[in-house]
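Visitor: Could you walk me through this one? I'd like to go through it piece by piece.

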Amino acid sequence: MTDLLQYAIELVAVLLLALGIKGLSKVRSARGANQLAAVAMGLAVLGLLINYLGTSGISIAAWTWIIAGTLVGGVLGAITAQRVPMTSMPETVALFNGCGGMSSLLVALAAALYPAALDAAGPVAVVSIVVSVFVGAITFTGSIVAMAKLQGWLSTPAWMQSKARHAVNIALAVASLVGAVEMLRNADSSTGLWLLVVASGLLGIGVTLPIGGADMPVVISLLNSYSGVAAAAAGFVVGSQLLIVAGAMVGAAGLILTQVMCNGMNRSLVSVLFGGALGATTAAGGGGGEYTNITSCSVEECALTLEAAERVVIVPGYGLAVAQAQHTLREVTRVLESVGIDVAYAIHPVAGRMPGHMNVLLAEADVPYEQLQEMDQINPEFPATDVVLVLGANDVVNPQAKNDPNSPLYGMPVLDVQDARTVFVVKRGMSAGYSGIKNDLFELANTSMLFGDAKKVLGDLLVELKDLGLGKK
Amino acid sequence: MFVEFLWVLLLGSLLGLELIGKVPPTLHTPLMSGANAISGITVLAALTAIIKAGENTVLLLLGSVSLGFALFNVIGGFLVTDRMLAMFSRKPARKETR
């Protein structure tokens, strides 16, 4: 009776999870879909508990440990979720993801050490354990490294940029394989298990560490997919179909999402994973050089031009978010809108640190969702635009990507801001973007540079615009 | 049993591929974060380990720590996704009421 009940609950849970993932891909339904997935997860846990209560029962000791784990993990998770600033979202996802990988790793470890208790004997179980340990460990260490790099706690050591890293990583992969074979050959010894744990953990570090900051979101997305695979493998270990389905869904969906992100950046997954940092491999590939013909202007001039405009497009980049200037930006656009100027935001697919990250940051500053326009939508409109304000974005507005076949950026979809009548670029200095590539846009005749911190420039701009009599009713 | 599980794996993967067809870039970050929360479904494996542990303290401890990690992922993941999505729904919701 209880397994029938559990089957029914599991079926509902799978259905809700699928609907949840589906709903998450549409703006209107996304929030409800996320809650649906959370309910599904609760149901799944409930179904499992009911099943064991009806069959073997759950001991007091088990309850104690369940409650202890739940309290610690749940409370810490809830606090972290509430506290993190929106700008550090990529790091946060990496951290959560790593913990999911760790969980699969620990369960597989438990099954390997005590196969009798968890009915995990035989070659099938051992292979599942191997996969779960291997993928779980890579997910954990890889995610933690990704988080540390995004936080700036960790930088890539020089030897990691050289070819030597491939040899090291191959050696680690071979060591993992040796450990796995040893586990299959000799079920009683735990030597193979520990070799696998250590080697795959180090492999996760070795693979992630050389990857450049700009590519990190792709890596996080891929690691997210891995954690699904690890969960599915853990499902094989403990014999839970629900776990297999959910893990497989996340694994597959994560893979697709990774592919979509790679397309947006015009990078192949292979070059992200094995190419190292973009700047390091392509520095000699042309497109470099000094800037010769830069026009800079004052905030006052910018304000005057803006006042005379009819249509203004804002191009926000990560620099804006770092400066926490999105709220000031919203004030500026409010003033412009108050005198009837048409304002839109052009969002490049990879604006921010992660696709969609910029949308989150602007939504936080109360920018109306309808004003955010995607690249394909807004590109034909630039010729009819009077002023473009580029804030902390660089590579995504580089015309080289369209015009210069020798440029490493060539082929990457970019925003055609140079088609607008006037372009203002707010930038802290003449440093290159993430890719380390010179931006031809800055030398064009219709481009003016406004040097300074985005927040300060926007604040000054706000004052100037108000001095011009804008925004006063 | 094993073959059955392989079928489940195959169908689950196909479902996952099918579900994420066209995602607007706006939602990539929340989607990644939401999918990430779902991968914390290893809570089930951790719970199973604890319940089947009997008197084995090491197993209980491993299971409990695993449960903690998984729940950190699940609770944190769902809450942070909700926080992000709440910002999106704020404005359009107001628009729809007019």
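This is a predicted model: local features need pLDDT of at least 70, side-chain atom pairs count only at pLDDT 80 or more; totals for chains, interfaces and linings use all residues.

Visitor: What pattern does chain B follow along the sequence?
Guide: Start with the inventory: chain B has 4 helices and 0 strands. Read from one end of the sequence to the other, the pattern is α-α-α-α.

Visitor: How much of chain B counts as buried?
Guide: The cut-off here is under 20% relative accessible area. The accessible surface of chain B is about 3800 Å², and carbon and sulfur atoms own 69% of that. Out of 98 residues in chain B, the buried share is 61%.

Visitor: How much area is buried between chain B and chain A?
Guide: Chain A brings 105 residues to the contact and chain B brings 81. On the chain B side, B:M32, B:I51 and B:F72 lose the most area to chain A, together 9% of what that side buries. Carbon and sulfur atoms give 76% of the total, which is about 8500 Å².

Visitor: Which residues form the salt bridge across the interface?
Guide: The rule finds 1 salt bridge between chain B and chain A, alongside 14 residue pairs in polar contact. In that salt bridge the N to O distance is 2.9 Å, and the side chains are those of A:R31 and B:D82.

Visitor: Which element gives the largest share of the side of chain B that touches chain A?
Guide: The elements giving two or more residues to that side are α1 (2–19), α2 (28–39), α3 (43–52) and α4 (57–96) of chain B. By kind, the residues on that side split into 49 nonpolar, 23 polar and 9 charged. The largest share, 37 residues, comes from α4(B).

Visitor: Over in chain A, why does A:V168 count as partly exposed?
Guide: A:V168 sits in helix α7 of chain A, residues 164–185. Buried would need under 20% relative accessible area and exposed over 50%. A:V168 counts as partly exposed because its relative accessibility is 35%.

Visitor: And how far is A:V168 from A:L203, C-alpha to C-alpha?
Guide: Along the chain, A:V168 and A:L203 are 35 residues apart.

How values were computed:
Residues are numbered from 1 along each chain as its sequence is written. Chains are lettered from A and ligands numbered from 1 in the order in which they are written. Side-chain values use heavy atoms; hydrogens and water are left out. Contact means heavy atoms within 4.5 Å. Buried area is the accessible area (1.4 Å probe) that two parts lose on being put together, summed over both. A salt bridge is a side-chain nitrogen of Lys or Arg within 4 Å of a carboxyl oxygen of Asp or Glu. A polar contact is a pair of N or O atoms within 3.5 Å; within protein, one must be able to donate a hydrogen and the other to accept it, and residues adjacent in sequence count only if both atoms are side-chain atoms. Ala, Val, Leu, Ile, Met, Phe, Trp, Tyr, Cys and Pro count as nonpolar, Asp, Glu, Lys and Arg as charged, and the others, Gly among them, as polar. Buried means under 20% relative accessible area, exposed over 50%, partly exposed in between (1.4 Å probe, protein chains only). Accessible areas come from the Shrake-Rupley method with a 1.4 Å probe; for residues, only the protein chains shown count as cover.
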